[in-house]
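Hello,

Here is the structure I promised to pass on. Please have a look at it first, and then read my notes below.

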Amino acid sequence: MTIPQSPFSRRPAWSVAAIGLPLAILIGGCLGSPRVTSDSINRPAPTAVAGFPASWQPAKPLRKWKSIVLHHTATEAGSVKSIHAAHRKRITNGKPWLGIGYHFVIGNGKGMADGAVEATFRWRDQLHGAHAGKQAQNQHGIGIALIGHFDKQPPSPAQLASLRRLVFHLKTAHAIPTTGLIGHGEIKKTACPGKLFPLATLKKEFAGKMPTR
Ligand SMILES: [Zn+2]
């Protein structure tokens, strides 16, 4: 038998909420911090390291990364979520994939915001990729996929700006060699990342200093 809960037992929680929330807003306001929401009360904001998003800095010990492999999804739309769902259905050598094969995805406004960069569980957990079709690059290559079909239209300016920022961050943070930025088609017989993808320009830039912008 359950004992009916006294309405008074809720009082302390009520009191905390009634006093605590306005107090938090007041304190936050005094310090000039951004507007306090229930979300920011419960969770500290991620810390940006050296001007880059915290999600780009994996918490796990790092793998020895040697290259960055660029891909397009060859689809009009997509997101980490939709690719993850599709890749979980794939089977290689009788084993199902863990999930999305890339380490990062850059959105095009159809499924993810245009230019949005999302790190996947493979990056967070510093796992091998499933994107290159080659053992060496799956083990030691960071897989970045841009949503879009770049045989049909080029990546958006926002996607390219985000990609530049990401690859230069990875180059610096993980000591990727200046020749380490490669298109998927350079290691496997595939049109990926598409004929309208500015691969030659990006490779040239990558070999030099980080662009100042
Ligand atoms: Zn590819």
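A residue is called buried here if 20 or more other C-beta atoms lie within 10 Å of its own, exposed if 12 or fewer do, and partly exposed in between, with C-beta atoms placed from the backbone. By that count, 26% of the chain's 213 residues are buried.

Two notes before the details. This is a predicted model, in which local features need pLDDT of at least 70 and side-chain atom pairs count only at pLDDT 80 or more, while totals for chains, interfaces and linings use all residues. Residues are numbered from 1 along each chain as its sequence is written.

The chain holds seven helices and seven strands (DSSP runs numbered from the N terminus: H or I of at least four residues for helices, E of at least two for strands). In sequence order they read α-α-β-α-β-β-β-β-α-α-β-α-β-α.

Five strands make an open, mixed sheet ordered β5-β4-β6-β1-β7, where pairing takes at least two DSSP bridges between two strands. β5 (117–119) and β7 (181–183) each have a single partner strand, so one side of each lacks a neighbour in the sheet. Strand β1 (residues 67–72) runs parallel to β7, joined by three bridges; L70 has G183 in β7 as its bridge partner.

Helix α6 (residues 157–174) packs on this sheet and touches β1, β4 (104–106), β5, β6 (141–146) and β7. Contact means C-beta atoms, placed from the backbone, within 7 Å. The direction of α6 makes about 170° with that of β6 (axes are lines fitted to C-alpha atoms, for helices over the stretch in contact, with angles from 0 to 180 degrees between N-to-C directions).

Best wishes

Conventions: Contact = placed C-beta atoms within 7 Å.
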